[in-house]
Amino acid sequence: MSSLGAILVACLITSVTAIPQPANPQPNCNNPGMSNGILPECWGILGMTDYTKAWWAANSTKCNAGTGFSTCFMQVYNLGASDCTGIKPSTCTSPDPTRYTPQEWYVLYNIFAVNQVFYSLYSAISNANTLASERVGAIVSLLDPPVTSNVLAHDLLGALSAGLALLPGPSGVIAGTLVKVAQQVPGVGSLLFPVGTTDSRVAQWANINNEVATVVQTYQSNVSDIIPAINNNIDNFLKFAGTGNFSVHPLPDLSDESDALLQGLTTFIIGKALDASNIHINRAVNLNVQQLQQSSGDGLAFDTGCATGYDAEGICGPYWYDPTTTTTYTLNNYKTMTKSYHDQMETMFGNWTSGNLLFGGAARCQASGGLVNGDLSSTIIKPGANSYATLDCLSSAKICTFNADSLDVDKEFTDCPSQPGYVSNGCKGTCGDSSGSTFEISVPNGYLGAYLTSPNPNDCVCHT
């Protein structure tokens, strides 16, 4: 910088109305240029919220009427060429800590950080656009729901926004901040989590790819509108910056999190496709099917395929086991109940969702009463000062619990009617010469009820 330029910058900075500095700030917070000088706790230690409010009260008139907070702050410090209110690459630059007081620099850095975090979220959604259509197409091909059935476009948007709560590691920390704080800022929360919109358009499975692409683009547009809503409104800015979670280096980069972001959407799509295809989730509570096979294999009506244990996805045979609730789940096609869904579960859990999201989430959703007013977004987001996202109802596929205590064909489940194919004398010759049998019973492929564990000695149980 030329000597004249340095003098001009110095004049601009010294013309700012001085704000009292906090007494004896912590050394690291007072030296943000140091490697350990960018710390979340420094926002509180330096009294940044009070400082920023006082600065705005004293200096906002130095900018043209209607100029937003961050734009004005950067203009006053001769950074007007840097635009931190939009979605544009390389237009918002990190401030030089050697040129400003610690308080000035922390405000400037948080303006930069808000822009960068949401820009990286915008990039992740952009990267997810093609992926989303590909994955939804693959799900539809795998589960083959009737083409004339449909889902609400608004629910697709809610499921996509829920992906924020699935981000791991440092990305998950900042995403958690966005989820919590956004609900305290209505103008931001309605963009990040569009709850209760009046969009009642329906998407038929035959055209689901096109609708998903539209939903992704809508959400991307919402995120682009969030940055100015935060950075150019001092109250909104302080709610986000005041958490301290933007005062970190390096900043979390969400642009590589497209896979995690899409898990909410793909879990929702799978659950809806299961419903449309008349495929139900069945479960056996307080049952580890692997242990059952190992301890009682010879006494079971058929081999479950679980003697060797669960694979990396928690699957054995047609079953998925949840160790946290000691519950075993399976999928049951009411139209073709002899079908095993082992291969489909391997594909789904290896690429698009997890057993916990699809099965465990559906169970928790059902236990909590299901969707709030039938609306997915209203169910996912719990508003208030301690707002959080719950993913339990991303999967709302129907669950039926096997009856382990009754051999009555009218009591296949404890909480659902018996399915049409669960009938006596339904084995159609698979039992061979059954003249000596007292009873034949056709059960679903992943059956875990009383006819598996406690059949009568002469019963013939068929499941394939």
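In which helix is Glu211 found? Glu211 is found in helix H9, where helices (H or I, at least four residues) and strands (E, at least two) are DSSP runs numbered from the N terminus. This is a predicted model, in which local features need pLDDT of at least 70 and side-chain atom pairs count only at pLDDT 80 or more, while totals for chains, interfaces and linings use all residues. Residues are numbered from 1 along each chain as its sequence is written, and side-chain values use heavy atoms, with hydrogens and water left out.

**Overall make-up**

- The protein chain has 16 helices and 11 strands.
- Of the 464 residues in the protein chain, 51% are buried, where buried means under 20% relative accessible area, exposed means over 50%, and partly exposed lies in between (1.4 Å probe, protein chains only).
- Among the contacts in the protein chain with a separation of 6 or more, 72% come from residues 24 or more positions apart, a contact being heavy atoms within 4.5 Å.

**Packing of helix H5**

- Helix H5 (residues 102-143) and helix H9 (residues 208-231) have axes 9 Å apart and pack at an angle of about 175°, which makes H5 roughly antiparallel to H9.
- The residues of the contact of H5 with H9 comprise 19 nonpolar, 10 polar and no charged.
- The axes of H5 and helix H10 (residues 234-241) come within 11 Å and cross at roughly 85°, which makes H5 roughly perpendicular to H10.
- On the H5 side this contact is made by Val107, Asn110, Ile111 and Phe118, and on the H10 side by Phe237, Phe240 and Ala241; the residues of the contact of H5 with H10 divide into six nonpolar, one polar and no charged.
- For these descriptions, axes are lines fitted to C-alpha atoms, for helices over the stretch in contact, and angles run from 0 to 180 degrees between N-to-C directions; angles under 35 degrees count as roughly parallel, over 145 as roughly antiparallel, 65 to 115 as roughly perpendicular and the rest as oblique.
- In the residue classes, Ala, Val, Leu, Ile, Met, Phe, Trp, Tyr, Cys and Pro count as nonpolar, Asp, Glu, Lys and Arg as charged, and the others, Gly among them, as polar.

- A search of the whole structure finds one cavity of 30 Å³ or more, and the largest cavity has a volume of about 40 Å³.
- A cavity is a set of points, on a 1 Å grid over the protein atoms alone, where a 1.4 Å probe fits but cannot get out, and its lining residues have an atom within 4 Å of a point; grid points are joined across faces, edges and corners, and a volume is the space filled by probe spheres set on the points.
- Met74, Leu79, Cys84, Thr93, Pro95, Leu108 and Phe112 line the largest cavity, and this lining divides into six nonpolar, one polar and no charged residues.

**Buried residues and their surroundings**

- Leu358, found in helix H14 (residues 355-367), counts as buried at 0% relative accessibility.
- Leaving aside neighbours within four places in sequence, Leu358 is in contact with Thr267, Ile270, Gly271, Leu274, Ile281, Met348, Phe349, Thr353 and Ser395, and 8.3 Å separates the C-alpha atoms of Leu358 and Ser396, which lie 38 residues apart along the chain.
- Ala284, found in strand E3 (residues 279-285), counts as buried at 5% relative accessibility.
- Not counting residues up to four places away in sequence, Ala284 touches Thr326, Thr327, Thr328, Phe402 and Leu448, while the C-alpha atoms of Ala284 and Tyr447, 163 residues apart along the chain, are separated by 8.9 Å.

**Backbone features in loops**

- A cis peptide bond with omega of about 0° joins His249 and Pro250, and Pro250 lies in the loop between H10 and helix H11 (258-276).
- Asn78, in the loop between helix H4 (69-76) and H5, has a phi near 60°, a positive value in a residue other than glycine, and is partly exposed, with a relative accessible area of 38%.
- Asn278, in the loop between H11 and E3, has a phi near 60°, a positive value in a residue other than glycine, and is partly exposed, with a relative accessible area of 32%.

Methods. 1 Å grid on protein atoms, 1.4 Å probe; cavity = no way out; pocket = protein on both sides within 12 Å on 5 of 7 lines; lining within 4 Å.
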